[in-house]
Amino acid sequence: MDASVLLDVHGVRRTFPRPGGDELLVLDGVDLSLKEGEIVGLLGRSGSGKSTLLRLIAGLARPQGGSLSYLGQPIDGPASGIAMVFQGFALFPWLTVLENVQLGLEALGLPEKEIRTRALAAIDLIGLDGYESAYPRELSGGMRQRVGFARSLVVHPNILLMDEPFSALDVLTAENLRTDLIELWMQAKLPIKGIILVTHNIEEAVQMCDRVLLFSSNPGRVTSEIVIDAPRPRERTDPRFEDYVDQIYVAMTARRVERQRQAPPTGSAPVQQLTHVSSSTIAGLIEAVAAPPYNGKADLPDIASDLQLEIDDLFPVTEALQLLRLGDIEGGDIKLTHMGKRFADADTNERKEIFSRSLQSYVPFATHIRRVLDERANHAAPRRRFIDELEDHMAEDAAEETLRAIISWARFAELFSYDKESEMFSLENPT
Amino acid sequence: MKILPPVSIVTRRFLPSSWDVMAAIFVFGLIILFSDASREVIQPLTSLARKPISLDPSALPQYALRTALRMLVALAFSLTFTFTYATWAAKSPRAGTLLVPLLDILQSIPILGFLSVTLVFFLSLAPGRILGAEFAAVFLIFTSQAWNMAFSFYQSLRTVPTELTEAGRVFGLNAWARFWRIEVPFGMPQLIWNMMMSMSGAWFMLVASEAFTVGNTSITLPGIGSYIAAAVEAKSLPAIFWAIGAMLVVILIFDQLLFRPLVAWADRFRIDAEPGDEEVESWALKMYRRSKLFDAIGTPFEILMRRSYQLTPPARKLPVAKAVIPAWLAAGIWYAILVVLGAYVVWRVASFVGASLGFSDFVGVFLRGLATMARVILLIALASLVWVPIGIHVGLRPHLTRIVQPIAQFLAAFPVNLLFPVAVYLIVRWELNPDIWLSPLMVLGTQWYILFNVIAGASALPKELRDVSDNLQIKGWLWWKNVALPAVFPYYVTGAITASGGSWNASIVAEVVSWGSRQLHAFGLGAYIFDATTAGDYHRIVLGLAMMSFLVVTVNRLFWRPLYWYAERKYRMG
């Protein structure tokens, strides 16, 4: 075995039990290895199981299948050489900065003096000098995450796991913390040998990682690996940087388009799984793409950074556009269809009409609900009837989400209405 | 929990500060108190009869101390119970399915119920000595404190943020260390608030827990509760006022020396607090923190605790996610055990009660239960009509809230027995029907929970919503209907649930009222249990208790729970 391999993950499978008794598959056949001196990024949309994988590596949970080993030893619980930085910081609000940082060392049972020196050194390294006696609530988000980093570094872990560590911070703070971290990493000042970074921010992955693994959702699988071979520090304006970003966008959307194409044609089975996106978000994206400088066709990375959308925000909207045939995606670009362009120019009532037509043509289940309501004498039907129908074809939470999307779109299209109190669908609109 | 070296080592000053002097007075006072009380409690039980309760106000300080000590000891037991029972219920979902409903039932059993079945046991622990009776009294106080504390901690344990627990595990804290460093601190603010509530509950039931009669055994332990009982029997109005005064002083001391420092200290455990939030000040906390004496007492414990975190190595092994026995089978076995156990208990209760009581007794008890239920419902409704508007009015004005809250807290602690003279006088004077006019006594101590919660709800109403309703000039009924009432509704429901449960418990002291030799009875379940206890009729006691538990739990499940979830779903902000 290669001595420089810190972590080896092979064929990992993880499921979660669901109330109904069946199981939800979150991770399936995932392979991953981390060598000394590497930063590996796990990139994917929420629900792709990347955070779950991180928790398996941290020893916080066990997989149902496959193996994980750290320095050749199987991982069967939290290992002392693996530390983690959390998305929500996970600082103990009742401990001061110093006490938070010392916590992990105390658990190791080190002598008090060593605890103190190492903690102060970590605080110093991460730029928290002067804040030792502050409580986390007195600090800004960026400073809090610095405490999170110091707390992990102080135990001198071999592997540092980072679970979207910058996503709870504002853009400037995140950038500041990222560059600081990269600088320390390049100067080899960090007492760590390898980093695994979970993120849903493509630029962040390109900026920090040596390799990026792309995850698909439902279930989470590694679909491709992109090696970022560029010297650090990497500038966003560098054309090579942009190339890598483009490459990842293309890889991620290509897969999705393919999946959409594979979906059964309309009419046969009137059920498809939907992600809820508000109609005003859809309208917003159409308007943005229609307007200059894009004039109907936009590069995804460009428009994402323009509108400050993370992939978790952007992809569901582009998918909704594709589904409703208002837009099309090819080679990392989004292009408005004829209908999409008409939608952009229309007033509210016309928009509702276009949207309604798209909805009835391409979301068969919405048409199905409408037909049922039309056929019934009182033009009303309970929610239960449709959710049951959806659950025949998909998991419970997916069914909930799908129905939520349909209700929201149908409301905008004025196709039918829904009363949450009584859980009834009807054709009546309050007048 | 602090890691810095003790202040006494860091500071250069050699002479004791004024805080040290105060702390010394405090500590040695406590030591003397304990030694005094412990000498008393090993006296034979018969000495109680030789030394009847004196109504002389000069005896009150001594009584007050005994009562305070009893309450503190009970509070310590309640905390121990909370940390074990609630933790077990929260950590083992399977145990939780039994323990949580059990807590519901325990909460519905009035204090006399616990008394009648446990008195003999406690007296036998220290045969012939006062100590046994003291055990019983402490246990009774415990039963009026423990349940809601345990429930609050259970709730906290279930809402500890996952990230915190995960961080604890990643950094190698074992279960014991995680409990004391993560879970207990997280639950602390809520637990302290419930401890204060529990204290009020203990005061409210104080007379019943210090002076009691079960069949032929009558016990009157020296304390404020017994003093009140004696004052009521002797029809001494001045003594009643002295008792109120003494109670007020003890409550104030508790507040200053115990609860206020606790609240101020627990402020840092609040996870949602912002730096701008108002901080609670407490001089006593300053004393505890700054005196060397408390440091000297506390440091060994601190070191001991810190050592204990490292006793066992951090848990490494994780159970493999795949269970050996399928989950449904394990759950099935567990539920089967529960059903068999439940059936056995029902059968035992039925055969015990059925041995001497017939169907007519059962119907009689049921009717009494319905009478008490009617009272509870009606009075909670009336109290709501009064306190909801007032609570909203107060809650929207912070300066009023600061004045009203402590007063309401004191009133919630007010033992109902203190109002017996007023009730008896009015009813006898105007020849009123006790079935109706004794009822208000039931909500006397519990209506304040409605007020507390409505105040909390109104003060939590977002400023923006108030601004927008001002801006749109929403006034009058429209404002109440669309702004104020919906905003406080979830809070109100929680308060009303607490108040209703408390009123059921209070029925045992509110449906039988005496002043001197004059005793008034109302037709109800509380009076039934009271009489059965006094007569030592165990069959009737068990029947009455079972009926009360059944009614309370049924009302909770069928009425309050759906209402609670409805309120949470529809009206909870954010």
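First, a term: two strands count as paired if DSSP finds at least two bridges between them. Keep in mind that this is a predicted model.

With that term in hand, look at chain A, where strand E12 (residues 327-330) and strand E13 (residues 333-336) run antiparallel and are joined by four bridges.

In E12(A), Gly327(A) and Ile329(A) form the covered face, while Asp328(A) and Glu330(A) form the uncovered one.

Now chain A as a whole. It contains 15 helices and 16 strands. Its radius of gyration is 25 Å, close to the 22 Å that the globule rule gives for 431 residues, so chain A is as compact as a globular protein of that length. The C-alpha trace of chain A spans about 80 × 50 × 45 Å along its principal axes. Of its 431 residues, 39% count as buried.

Next, the core. Which residues touch the most other members of the largest nonpolar core? Among its 254 residues, they are Ile57(A), Ala150(A), Leu161(A), Ile196(A), Ile406(A) and Val454(B). The element that gives the most to this core is helix H24 (residues 476-510) of chain B, with 15 residues. Another core, of five residues, lies apart from it and includes Ala23(B), Tyr288(B), Leu293(B) and Phe294(B).

Key: Residues are numbered from 1 along each chain as its sequence is written. Chains are lettered from A and ligands numbered from 1 in the order in which they are written. This is a predicted model: local features need pLDDT of at least 70, side-chain atom pairs count only at pLDDT 80 or more; totals for chains, interfaces and linings use all residues. A nonpolar core is a set of buried Ala, Val, Leu, Ile, Met, Phe, Trp, Tyr and Cys residues joined through C-beta atoms within 7 Å. A residue is buried if 20 or more other C-beta atoms lie within 10 Å of its own, exposed if 12 or fewer, and partly exposed in between; C-beta atoms are placed from the backbone. Helices (H or I, at least four residues) and strands (E, at least two) are DSSP runs, numbered from the N terminus. The radius of gyration is taken over C-alpha atoms; the globule rule is 2.2 Å times the number of residues to the power 0.38.
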